[in-house]
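Please open the model in a viewer and keep the selection panel at hand.

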Amino acid sequence: MTASTFIARILGPTLVVIGIGLLLQAESFGVVVGDFVENGALIYLSGLIALSVGLVILNVHHVWVWDWPVVITIFGWLSLIGGIFRILATSLVQSVGEAFIANPRWMIVGGAGTLVLGGFLTAMGYQEVWTEPKRPRRRSGAAKRASSASRTAKRPRRKAPTRAAS
């Protein structure tokens, strides 16, 4: 399993659950975000977590290719930058969070975007599992022995080399 697949298998389902939660409970999420934005310590702590997650992703997976794994690299960079902003500019994060809460449409857009991104990463991470070709059935031990015995019975015996008299 590649690093891309491993990270996608973790991020994908997590983002799917977050996206569904945002869409189904936008009002409750607004209350939670309101409480969160008022608490500078929580913003700082979430910044440390986001910074760490971004650094972990980028240290394990810094891939700039024109394929789906670049989404994980971009996610790592956004997490890193988001963590830095939360640590260094807590008041800016608070004002952006308040603007986010003020317009309920942003929660629906954010939830839909998160759900789509999570669904995409989940599909990419688990595509090997879902599209894996069927393997041939294993033969039992008796069938293997019978096959092995029939192969050895059909082989001609080698003659021992004879030494020429000198």
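**First selection: helix α1**

The cover over the buried residues of α1 includes α2 (26–38), α3, α4 and α6. Buried denotes under 20% relative accessible area, exposed over 50%, and partly exposed the range in between, with a 1.4 Å probe and protein chains only. Contact denotes heavy atoms within 4.5 Å. Helices are DSSP runs of H or I with at least four residues, strands are runs of E with at least two, and both are numbered from the N terminus.

This is a predicted model, in which local features need pLDDT of at least 70 and side-chain atom pairs count only at pLDDT 80 or more, while totals for chains, interfaces and linings use all residues. Residues are numbered from 1 along each chain as its sequence is written, and side-chain values use heavy atoms, with hydrogens and water left out.

Within α1, select S4, T5, I7, A8, R9, L11, G12, L15, G19 and L22, which are its buried residues. The helix has 22 residues and reaches 32 Å from first to last C-alpha, close to the 32 Å expected at 1.5 Å a residue; the expected span is 1.5 Å times one less than the number of residues.

Next, select I18, also in α1. I18 is partly exposed, because its relative accessible area is 42%.

**The largest nonpolar core**

Select I7, A8, L11, L15, I57, W68, I72, L121 and M124, the nine residues of the largest nonpolar core. Such a core is a set of buried Ala, Val, Leu, Ile, Met, Phe, Trp, Tyr and Cys residues joined through side-chain atoms within 4.5 Å. α1 and α6 each supply at least two residues of this core, and α1 gives the most, with four.

Which residues are in contact with A8, leaving aside its neighbours within four places in sequence? They are P13, W68, I72, L121, T122 and G125.

**Helix α4**

Move to α4, residues 70–88. Its 19 residues should span 27 Å at 1.5 Å a residue, and the end C-alpha atoms are 27 Å apart, so the two values agree.

Leaving aside neighbours within four places in sequence, T73 is in contact with L58, H61, H62, V63 and W64.

**The nonpolar surface patch**

Select W64, I74, W77, L78, I81, F85, L92 and V96, which form a nonpolar surface patch with about 800 Å² of accessible area together. Patch residues have over 30% relative accessible area and no salt bridge; like charges are joined within 9 Å, and nonpolar side chains (Val, Leu, Ile, Met, Phe, Trp, Tyr) within 5 Å. A salt bridge is a side-chain nitrogen of Lys or Arg within 4 Å of a carboxyl oxygen of Asp or Glu. Areas come from the Shrake-Rupley method with a 1.4 Å probe; for residues, only the protein chains shown count as cover.

α4 and α5 (90–102) each supply at least two patch residues, and α4 gives the most, with five. W77 of α4 is partly exposed, because its relative accessible area is 33%.

**The whole chain**

Finally, display everything: the protein has seven helices and zero strands. Buried residues make up 27% of its 166 residues.
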